[in-house]
Amino acid sequence: MVYAAIDIGTNTIDLLIAKVQGNILHQLKKEKQWVGIGTDFYPHCSIKEASIKRLFTCLSNYQRCILEFSVETVLCFGTSALRDATN
């Protein structure tokens, strides 16, 4: 089975695609992109429009990788900045 994990952090978004065979994990792709959703986030807890555009561009690129590797399950996690954003 092929899995993808996406970690949306305050500054970067990480992608890991791996194939699991039994109890062995085979890394197929690993990527990190800077998006800076935390840039000028405080004190208003708002993600700036430019950061949102970078976020969606990054996720779109990751979607192409997910399709390329025929990923069956995608797990996505967000940082506190993403969870606490008012927008």
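This is a predicted model: local features need pLDDT of at least 70, side-chain atom pairs count only at pLDDT 80 or more; totals for chains, interfaces and linings use all residues.

User: Thanks! And in what order do the elements run?
Analyst: Starting at the N terminus, the order is β-β-β-α-β-α.

User: What box do the C-alpha atoms fill?
Analyst: Along the principal axes, the box is roughly 45 × 20 × 15 Å.

User: OK, on to the inside. What percentage of the residues count as buried?
Analyst: The figure is 31% of the 87 residues.

User: And the largest nonpolar core, which residues touch the most other members?
Analyst: Those are I6, I13, L15 and I17, in a core of 20 residues. Elements that each supply at least two of its residues are β1 (2–8), β2 (12–21) and α1 (49–68).

User: Which element gives the largest share?
Analyst: That would be α1, with six residues of this core.

User: Let me zoom in on L15. What is it in contact with, leaving aside neighbours within four places in sequence?
Analyst: L15 is in contact with A4, A5 and I6, with K29, K30 and E31, and with Y62 and C65.

User: Nice. What share of the contacts with a separation of 6 or more is between residues 24 or more positions apart?
Analyst: Such pairs account for 53% of them.

User: Switching to charges: how many positive and negative side chains are there?
Analyst: There are 9 positive and 8 negative ones, and the centres of the two sets lie 3 Å apart.

User: Last one, what about the accessible surface?
Analyst: It comes to about 5,500 Å², with 55% belonging to carbon and sulfur atoms.

Methods. Residues are numbered from 1 along each chain as its sequence is written. Side-chain values use heavy atoms; hydrogens and water are left out. Helices (H or I, at least four residues) and strands (E, at least two) are DSSP runs, numbered from the N terminus. Buried means under 20% relative accessible area, exposed over 50%, partly exposed in between (1.4 Å probe, protein chains only). Contact means heavy atoms within 4.5 Å. Accessible areas come from the Shrake-Rupley method with a 1.4 Å probe; for residues, only the protein chains shown count as cover. Lys and Arg count as positive and Asp and Glu as negative; His and the chain ends are not counted. The place of a charge is taken as NZ of Lys, CZ of Arg, CG of Asp or CD of Glu. A nonpolar core is a set of buried Ala, Val, Leu, Ile, Met, Phe, Trp, Tyr and Cys residues joined through side-chain atoms within 4.5 Å.
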